[in-house]
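Subject: Structure handover

Hi there,

Here is the structure I promised to pass on. Please have a look at it first, and then read my notes below.

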Amino acid sequence: MSEPLILLRDIKKVFVVGKISYEVLKGVNLEVFAGDFLAIMGPSGGGKSTLLYILGLLDKPTSGSYLFEGREVSTLSEAEMAHLRNQKIGFIFQAFHLVPWATALENVLLPTLYRGSITEKDVKRASLLLDRLGLQNKQNLKPAELSGGEQQRVAIARALINQPSLLLADEPTGNLDSKSSQEVVKILKELNEEGLTIILVTHDPEVAKSAKKVKFLKDGVFVEE
């Protein structure tokens with residue numbers, strides 16, 4: 001059997017505020033293989049977003065082991081982590097996080113800037129991604145000129161521009177109406193069927209149903225539900 005894309009062993013995360021320490025993750029173990037589509041559910045405050053930020057190399061665990069593609073993340077320098085994050089991991093957030101003064105096409109191209117310069121190939125790929133997501137006539141519009149569902153599709157295209165091996169989605173339908181939510185879920189399922197590994201945090205059981213696996217995180221640990 002192939003080794004997992006992600007392997008977490010006894011991941012703990014403690015936040016310290018003044019003299020008070022708060023343990024958000026209390027020993028999380030997880031295996032995710034290439035091609036998986038995992039939905040993580042659970043009550044607010046259970047550690048879902050904290051776990052997703054650790055998986056995305058946006059935060060570090062207090063203790064435990066995190067192997068990504070067989071590499072122990074804790075041994076990487078900040079520069080190596082930034083490179084890995086940019087090249088291997090795509091992010092979709094509930095709040096879209098688009099740059100308001102940039103067009104849809106420019107927003108999609110932003111992750112390529114970290115490599116240095118934007119190439120013609122990058123622009124063509126960004127345009128094709130927006131075409132695929134039904135935004136072929138809206139590439140030069142700014143976020144304020146797009147609906148919520150369209151903004152989230154721009155965010156999905158941006159997450160895919162560097163052809164990541166892992167897509168992380170934090171409540172990607174949380175700010176969308178039911179029709180837009182269904183469209184976004186359909187896109188995620190198609191991407192997964194094409195081989196992209198997806199880890200999704202959601203409160204919505206209907207969204208979770210689209211995943212191949214569902215795990216419940218409660219009080220900082222995965223529980224049977």
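I call a residue buried when its relative accessible area is under 20%, exposed when it is over 50%, and partly exposed in between (1.4 Å probe, protein chains only). Please keep in mind that this is a predicted model, where local features need pLDDT of at least 70 and side-chain atom pairs count only at pLDDT 80 or more, while totals for chains, interfaces and linings use all residues. Residues are numbered from 1 along each chain as its sequence is written, and side-chain values use heavy atoms, with hydrogens and water left out.

Helices (H or I, at least four residues) and strands (E, at least two) are DSSP runs, numbered from the N terminus. Helix 1 (residues 48-55) is mostly covered, with six of its eight residues buried: Lys48, Thr50, Leu51, Leu52, Ile54 and Leu55. After helix 1 comes Leu57, which has a positive phi near 65°.

Next, strand 8 (residues 197-201). It is largely enclosed by the rest of the structure, because five of its five residues are buried. In a regular strand, side chains alternate between the two faces of the sheet. Here Thr197, Ile199 and Val201 point one way, while Ile198 and Leu200 point the other way.

Which strands pair with strand 8? Counting a pair when DSSP finds at least two bridges between two strands, strand 3 (residues 37-41) joins strand 8 in the parallel sense over four bridges, with Phe37 opposite Ile198. Strand 7 (residues 166-170) is also parallel to strand 8, over five bridges, and Ala169 has Leu200 as its bridge partner.

Strand 7, helix 6 (residues 178-193) and strand 8 also make a right-handed β-α-β unit; right-handed means that, with the strands pointing away from the viewer, the path from the first strand over the helix to the second runs clockwise.

Leaving out residues up to four places away in sequence, Asp122 touches Leu109, Thr112, Arg115, Ser117 and Ile161, where contact means heavy atoms within 4.5 Å.

Best wishes
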